[in-house]
Structures are given as structure tokens and as C-alpha cells.
Amino acid sequence: TLITNIASLVTNDPSLGWGSPRSSKFENGGGSPLGLVQDAAVVIEGDRVVWTGDQSKAPATDNRIDAEGRAVLPGFVDSHSHLVFAGDRTQEFNARMSGRPYSAGGIRTTVAATRAASDEELEANVTRYLAEALRQGTTTFETKSGYGLTVEDEARALRVAAAHTDEVTYLGAHIVAPEFAEDPAGYVALVTGEMLDACAPHARWIDVFCEKGAFDGDQARAILTAGKARGLHPRIHANQLSYGPGVQLAVELDAASADHCTHLTDADVDALANSRTVATLLPGAEFSTRAPWPDARRLLDAGATVALSTDCNPGSSFTSSVAFCVALAVRDMGMTPDEAVWSATAGGAAALRRTDIGRLTPGAYADLTLLDAPSHVHLAYRPGVPLVSGVWRRGERVV
Ligand code: NIG
Ligand code: FE
């Protein structure tokens, strides 16, 4: 398949640099290259991209699709979501919007609803939110357990997740299970023992919510280290609600990503900048909890790699729209549209330590989004507008 007449193509090909003749280094700030090609074409064979470049040089193919002067970019890589849950927390959101603060305690509401739900109900929920995300241009997503908090309920959540994605994360350490309120050490022993045994076969990643009211630095280190010993790779919910040890621990353990990064010291920013740990920013959470925005500009200027994801969950960020997060990041977190789009595609891929997604270069998966707009900048310029008019996943048109 040849997609031609693309006004502006985001390849994220590092060898092309930013690629846009119209954008200067100043306009783009720091960060990584978007590899823009104007008047471009893409050739797909099977599930892969086999060629991208100037449309006048495109090889001939049988099946030709006219993009009619619109923009194409890699499908969004949503590297942080919590989709295996039941129930909703409308009341809690309402209370927050009339002035109540967010606390991790609300997680217990979803734990109770999730434990009470049938397998079919959980499965139907995941299917529904995935379809919602796909329609909005998300072609890869990570998702996690964390609303079960028993051996059976955590393993069940991971089995449900694994039926839909390879990027599955074991988050038995979301909060201390209510049954262990008086015995947090006992819960850590369960998470690193029997629960890990039951969950490790279904997951690629292990995560901890490192925060006051959840798990402290020493507990988080013990949990992630146990997971590593079982072949799971670490990622951390770090520095979301307050300053703390999460980011430093992520770097110490070579975690793929430190997620949230809302409260960072200069030492935290330095540590990220001098590591391969990606800072994954989740502005849907700050939006929905009326918290201060994470400072993407500070991270980018220091040289850190930044990803943008939804954190889709019923408590702190009930959006499946990566485009919404891109718009927030541009408006309120100091990112340029180019940087935000890179972070939502190649950045998400980096947070999952992958180079076969988040870019449209020969050999990468043919996961791409056609916008009803002449450029990717419109994702931030036209916030809230459903601009996605076509989605290909693994070479197949799905929207
Ligand atoms: O990433 N911070 C911890 N976990 C989720 C919120 C979960 C919830 O409120 O249900 C988050 O924001
Ligand atoms: Fe989260």
C-alpha cells in the first residue's frame, strides 16, 4: 500500500533531524528530532513500513491511497494507563471540583468495585476503552493491574490485560491492600512473594506507586528488585503528589520510565538527564486533580527524554485521549507542538524501550494516524477537535 499526497509526515527518523525547513532550533527548543517530510509518501508491506520519503520518489505499488494534503504521524504510544478496573468515581471528581483535594485513598473505591466485578465485565471495560483510544489514534498502549491487590485479583487483571497488549505491568504495589492496613510489611512480602509468582508470567514490567500513603523508597526498592530478579523490568509512579525518592530510585534501578515527575528537585532533573530513564508526564492527572503542571520545559532543557501519556484511570485521569494531553503539554507545560507530538509517539516508545513503534521508518510497524488537518501542529492548535480521520495498526486500516 502506498499512502501518497501527505502534506506533512512525522517520521521521528533521527537521521532527518527536525526536518522542517520552517522551524528553527529556537522554535523547537531541545528534545529530539521529528523527522518531518513535506509532500511525502509512505509505503506499507504487510505489518511494516518499508519506505518513507518525498512522494515524487515513491516506488510504484498496486494499492494507492490519496491523503489529500493531510498530515500523517506515527500512532500514539500510550505508555501509561490503568484500564483493568470496574466502577467509576464521578462523585469523587465532583467533590474535587468543588474544592476537595485528591488523595491516593480513592484507589480503594476502585479496588472494591474491581474485586466485585466478573471477568466478563473487566474484559468488556478494557475492550471499550481500547476502542475509544484507537479511534483517537492510539496504536500501542501499556496497561497495568493495581486494582485487585490480592494474588487472584492481580493475576486476573494481568491475564485480562495480556489478551490485548504485550505491554503489561504488574502493579500489586499500587497501595497497601486494605486487609494489610496494619501490616504493610506483610503486604510487601506478599507482593514480592506469592503475588509475584502468580503475576510474573503475565507481565513484562513491574511498577510501584512510590508516594506518601502508598510505598516509601525502601519498600519500592525491595519490590522492584524482587521483580527484576524474576525478569520483570521496572517503571515507577514517582514524585506525583510530593517530592520524594521515586525518581532517584528509578534512575538507580535503570527503570525504563519515571512516571508523573510533577515534583522534582534540581538533583532529580539532573539524574533523569544523565540516565536512560524516560520522564513520562501525565498531564491528564494534573488536569483532573487541579494539581500544578509538571515542568516539561525544565526537563527538556536539561536534556532528559520526555514522554506524554494519558494515565487513563477512573480516579486521577479519566481520559483516553493522547491528543488532549498533547494540547495540555503545549499550553501549560512549556512544550512546543513538535516536542509534544514527539513525546506522545517516539517518547512513549522510548518509555517502553522500543524502536519498532513510535516512528515511521523502514522496518517499524505500520502504525499510523491520518489527521483531518494539514499538520501535526493542529493537535495542539485545535484542542478538543476530533482530528483523527484514519488509523492503521500493524498495516491494517482500523479506523
Ligand atoms: O497514576 N498515582 C497512582 N495511581 C493512579 C491513580 C489511581 C487512582 O486514583 O485510581 C495515577 O494517577
Ligand atoms: Fe498511573
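Which residues in α4 meet which residues in α5? The views below take up this contact and two further sites of a predicted model.

Local features need pLDDT of at least 70, side-chain atom pairs count only at pLDDT 80 or more, and totals for chains, interfaces and linings use all residues. Residues are numbered from 1 along each chain as its sequence is written, and ligands are numbered from 1 in the order in which they are written.

**View 1. Helices α4 and α5 cross.** The axes of α4 (residues 119-135) and α5 (residues 151-162) come within 10 Å and cross at roughly 45 degrees. Axes are lines fitted to C-alpha atoms over the stretch in contact, with angles from 0 to 180 degrees between N-to-C directions. Helices are DSSP runs (H or I, at least four residues), and strands are E runs of at least two.

**View 2. The α4–α5 contact residues.** D119, L122, E123 and V126 in α4 meet R156, V160 and A161 in α5 (C-beta atoms, placed from the backbone, within 7 Å). These contact residues divide into four nonpolar, no polar and three charged.

**View 3. The shell around ligand 1.** Of 13 residues around ligand 1, I107, F209, N313, G315 and S316 come nearest (near: C-beta atom, placed from the backbone, within 6 Å). The shell holds four nonpolar, eight polar and one charged residue; Gly counts as polar.

**View 4. Annotated positions.** An unreviewed UniProt entry lists H80, H82, H237 and D311 under "binding site". They span 232 residues in sequence, yet no two of their C-alpha atoms are more than 12.0 Å apart, so they gather at one spot. H82 sits in the loop between β5 (76-78) and α2 (90-97).

Conventions
Two residues are in contact if their C-beta atoms, placed from the backbone, lie within 7 Å. UniProt positions are given in the numbering used here, feature names are shortened, and annotations may be inferred rather than shown by experiment.
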